[in-house]
Amino acid sequence: MPDLLAELTVLGEVARATTLRARGIREADLYAAVASGLVSRPRRGWVASPLADPDQLRAITVGSRIGCSSALRRFGVWAGVDERLHLRVPRTASRLVAPSEKLEVANPGVWHPSVPNRKRRSRKVLLAPDAPPRVHWAREIAPRRALDWIDSPQTALAAAVRCMDAEHASAVIDSVLHERVLTRREVHAVLATLPSASATLVDRFTGMPESGVESLFVRRMSRSGFHVEPQVDLTGFGRFDGLIDGCVLFEVDGRGFHSSAAEFFADRDRSLVGQAFGIPVVRPSAKHVLDEWPVTFAAVARVVEDAKIVRRHRGLPPVA
């Protein structure tokens, strides 16, 4: 006989009772588990394990699924700066159901079950602030990839592209590809369901930056007229986030995406290598890119111009 808590873990800690019955859980066992306090029933027809988090329960109790950027984060994707809870309801739904009571749950966020354990150990799910959610009225475009409480990555990406400005949408696409949540073919299939302008979100950089903030940095520098080459290898000395105008290396520090102290120090080692070869390395943080871009851009542009002068004076060719 299937174990109820084990089945809930596979399904992301919450599920419809009909889904659990389809997986072999008997109705009598569901009733007994609820009566004993082993699981809870946040809404009629739903079952939640003790590990369910408040955003999951908010979604369930108002008759929706977690979607858009909120869903993408649970797949391990960088999903922009909007921390509100994004929910999706079917287009045919008349309204959201008002929650009957305020939820008092302090559990950490639950990852989508498909996220590998190594990623779960190094990151935490960002739970939404206590504010009204953003609601999207749309259909699920990949039902087989959806769970009862969360949209498929395809539907979440489609909502995010509509919801965000172009540079953040492109960054999300990069992260979806880098985290291997969707393939390029699947991303193009999603974009094909959206207005034709969405096709411009895919460019020569797509899939190359390894974090959302790095994606923003690369495209902003490129739009400003610099030649940017992402993911550059110095043979034998490691890979850098990229190279600007053939003379300045860059590493964008997205603190939330460093998996360990070893990776942190490896980044610093690469900076020293660049300096040892006479190649300046700029290291803007996520905060610099997201919140202080004018000053950050001015500083990087100055380093690049100075580096060009030095290389011309010494008769050195571009690094790559």
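**View 1. Buried residues of helix α9.** In this predicted model, helix α9 (residues 184-192) has V187, V190 and L191 as its buried residues. These residues span an arc of only 95° around the axis, which places them on the same side of α9. An α-helix has 3.6 residues a turn, so residues three or four places apart point the same way. The cover over the buried residues of α9 includes α7 (153-163) and α8 (166-178). On the face of α9 turned away from its buried side are the exposed residues R185 and A192.

**View 2. The open three-stranded sheet.** Three strands form an open sheet in the order β3-β4-β5, and their pairing is mixed. The edge positions are taken by β3 (65-66) and β5 (134-137); each has a single partner strand, so one side of each lacks a neighbour in the sheet.

**View 3. Pairing of strands β4 and β5.** Four bridges link β4 (residues 86-89) to β5, and the two strands pair in the parallel sense. Within this pairing, H86 lies opposite R134 of β5.

**View 4. Strand β6 and its pairing with β7.** Strand β6 (residues 228-234) is largely enclosed by the rest of the structure, because five of its seven residues are buried. In a regular strand the side chains alternate between the two faces of the sheet. Strand β7 (residues 238-244) runs antiparallel to β6, to which six bridges join it.

How values were computed: Residues are numbered from 1 along each chain as its sequence is written. This is a predicted model: local features need pLDDT of at least 70, side-chain atom pairs count only at pLDDT 80 or more; totals for chains, interfaces and linings use all residues. Side-chain values use heavy atoms; hydrogens and water are left out. Two strands pair if DSSP finds at least two bridges between them. Buried means under 20% relative accessible area, exposed over 50%, partly exposed in between (1.4 Å probe, protein chains only). The arc is that of the directions from the helix axis to the C-beta atoms. Contact means heavy atoms within 4.5 Å.
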